[in-house]
Amino acid sequence: MSEFPLVSAYKDVDAFRARLAELGLDCDRRIEDAGGPLGQPVVHRGRTIGNRWAAHPMEGWDGTPGGQPTELTLRRWRNFGRSGAKLIWGGEAYAVTEDGRANPHQLCLNPNSREDLTALLAAVRAGHREAGLTTDDLYCGLQLTHSGRWARPRGAPAPRIPQHHPLLDRRSGVLDTTSPLTDGELEGIARAFVDAALLAREVGFDFVDIKCCHGYLLHELLAARQRPGPYGGDLAGRTALFRRIVSGIRASVPDFDLGVRLSLYDCVPHAAQGGASHDAGGEARRGSSELTGEHLPYEYGFGINPHFPAEPDLQEPFQFLELLRENDISLVNITLGSPYYCPHLQRPASWPPSDGYAPPEDPLASVAAHLRATRAAKAAFPDLLFVGTGYTYLQEYLPQVAQYEVRAGHTDFVGIGRLLLSYPELPQHTLAGRALENKRLCRTFSDCTSGPRSGEVSGCYPLDPHYRSMAAAAPLRAARSRSSPPNDSPHDK
Ligand SMILES: Cc1cc2nc3c(=O)[nH]c(=O)nc-3n(C[C@H](O)[C@H](O)[C@H](O)COP(=O)(O)O)c2cc1C
Ligand code: SF4
């Protein structure tokens with residue numbers, strides 16, 4: 001149970017600003033329409049991206065067993081287009097190999113991928129036109145992934161690891177006898193990234209995101225200091241597979257745009273105190289770091305200080321951003337940590353997911369960590385274009401904070417994730433100068449994460465009528481109501 005005040009409990013924007021000030025942040029008091037900071041276009045590689053809103057990738061665990069989109073998938077992509085955001089960052093994680101899927105319903109490269117990707121792109125564009133918007137300044141990418149240690153292509157863990165991990169092996173189903181991926185296997189995966197990128201380009205995507213975040217393969221490789229051979233060890237080794245993918249794509253399509261979603265810094269694995277995620281009364285237990293003195297120095301995190309692992313150390317992440325710059329990659333989506341072992345940081349929430357833990361800090365402090373990370377990256381690399389993460393938890397005050405961050409030049413784009421599931425039109429409404437529909441704001445109930453944990457599709461069960469009528473909605477709601485924060489939400493009665 002969250003012991004921290006809900007955002008809806010702040011009486012007005014000034015009360016909220018006072019709390020933001022304690023965290024070293026601020027927000028605007030008045031939201032401007034399309035003439036304001038969020039409505040300003042950006043010119044990128046000769047193309048115009050029409051405004052400063054970005055739709056983060058959001059997968060739905062709703063593909064077919066063969067990795068193809070379903071009606072639910074297409075509906076979500078149409079909603080990405082309807083949002084009015086002009087930068088569609090990847091749609092959702094698209095696995096480049098079948099065994100690299102994080103679940104049996106993840107989209108993946110398959111014999112019909114050309115038709116699938118064409119349909120997904122058409123859905124985004126159709127949604128955008130439905131909202132009365134031109135697609136001339138819409139910039140749409142595809143996120144390419146390999147799940148690495150979190151692979152579960154048929155439901156059961158089938159981890160593909162770059163190296164062993166003292167804490168995460170147990171969680172991800174890795175045995176002492178599990179062999180790390182060989183150099184040859186990694187090179188095969190790199191070829192699959194290149195194949196998927198070429199296909200994305202052929203069907204008309206504007207860029208691909210080579211996903212380096214959230215604990216998946218390319219992210220874990222960035223910290224694979226213990227791995228011997230060409231793809232581990234020093235930073236040059238740990239980035240070698242990434243560089244191989246980039247040069248593979250560039251060799252075939254030199255002018256194709258590439259982006260990277262990067263967990264700028266990682267977080268040590270957290271778990272509910274006392275083991276079980278909920279106590280006997282159904283309350284979520286508070287989370288804390290699983291690290292003990294025996295794990296120090298902790299060499300397994302990218303961008304964290306091995307001797308004080310709760311502290312970020314941006315030296316290597318900045319070297320990686322420099323590498324991106326040298327490789328003419330200027331679109332970077334900054335995120336933090338992983339939903340598997342530090343969900344409180346990756347997606348700040350009042351209600352934890354079913355397998356999670358009550359937040360160990362005020363979720364606003366986790367949001368502040370995201371904003372500070374993007375600010376730091378932008379200040380050090382002003383010529384790169386950054387998308388920030390962590391905004392959904394801001395709820396009523398999301399546009400005010402978003403506008404402040406863009407106006408001050410702390411970020412180029414404001415990315416939204418869960419909000420897209422509950423209230424996809426928010427960017428468009430903001431730009432049109434319309435009042436927000438507060439009843440549709442994501443209240444971070446986490447049902448969109450808990451649903452897939454029990455084998456259901458992901459969606460906003462509490463607030464999207466399409467999902468509210470599904471059979472899975474009631475048990476999710478019942479489980480959550482046993483674990484409610486103190487000030488119950490204004491609209492989930
Ligand atoms: C249901 C769900 C699906 C997600 N799918 C993806 C994904 O496919 N790729 C990705 O990089 N992040 C994914 N994320 C993370 C989001 O893109 C985003 O980083 C996170 O929700 C925090 O942003 P927010 O506070 O705006 O929600 C997902 C998150 C959720 C809750
Ligand atoms: S289920 Fe809906 S309200 Fe809950 S976190 Fe997901 S998008 Fe937000």
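Here are some friendly notes for a first look at this structure, point by point.

1. **Ground rules.** This is a predicted model, in which local features need pLDDT of at least 70 and side-chain atom pairs count only at pLDDT 80 or more, while totals for chains, interfaces and linings use all residues. Residues are numbered from 1 along each chain as its sequence is written, chains are lettered from A and ligands numbered from 1 in the order in which they are written, and side-chain values use heavy atoms, with hydrogens and water left out.

2. A residue counts as near if one of its heavy atoms lies within 4 Å.

3. **Polar contacts of ligand 1.** Look for pairs of N or O atoms within 3.5 Å. A polar side-chain atom of Arg418 sits 2.7 Å from an oxygen atom of ligand 1, and a backbone N or O atom of Pro57 is 2.8 Å from an oxygen atom of the ligand. At Glu59, a polar backbone atom lies 2.9 Å from a nitrogen atom of ligand 1. Taken alone, ligand 1 exposes 610 Å², and the protein buries 99% of that (Shrake-Rupley method, 1.4 Å probe).

4. **Ligand 2.** Arg418 turns up again here: the residues surrounding ligand 2 include Arg418, Cys442, Cys448 and Cys460. By class, this shell has 6 nonpolar, 2 polar and 3 charged residues.

5. **An aromatic pair.** Rings of Phe, Tyr and Trp (its six-membered ring) pair if their centres lie within 6.5 Å, and planes under 30 degrees apart count as stacked, over 60 as edge-to-face and the rest as tilted. The count comes to 15 aromatic pairs. One of them, Trp150 with Tyr340, is stacked, at 4.2 Å centre to centre and 5° between the planes. This pair links distant parts of the chain, 190 residues apart: Trp150 is in the loop between strand S6 (139-145) and helix H4 (168-171), and Tyr340 in the loop between strand S11 (331-335) and H10. Helices (H or I, at least four residues) and strands (E, at least two) are DSSP runs, numbered from the N terminus.

6. **Two backbone details.** Most residues other than glycine have a negative phi, and most peptide bonds are trans. A cis peptide bond joins Leu296 and Pro297, with omega about -10°; Pro297 is in the loop between strand S10 (287-289) and helix H9 (315-326). Arg45 has a positive phi, near 50°, and belongs to the loop between strand S1 (42-44) and strand S2 (47-49).

Key:
Ala, Val, Leu, Ile, Met, Phe, Trp, Tyr, Cys and Pro count as nonpolar, Asp, Glu, Lys and Arg as charged, and the others, Gly among them, as polar. A polar contact is a pair of N or O atoms within 3.5 Å; within protein, one must be able to donate a hydrogen and the other to accept it, and residues adjacent in sequence count only if both atoms are side-chain atoms.
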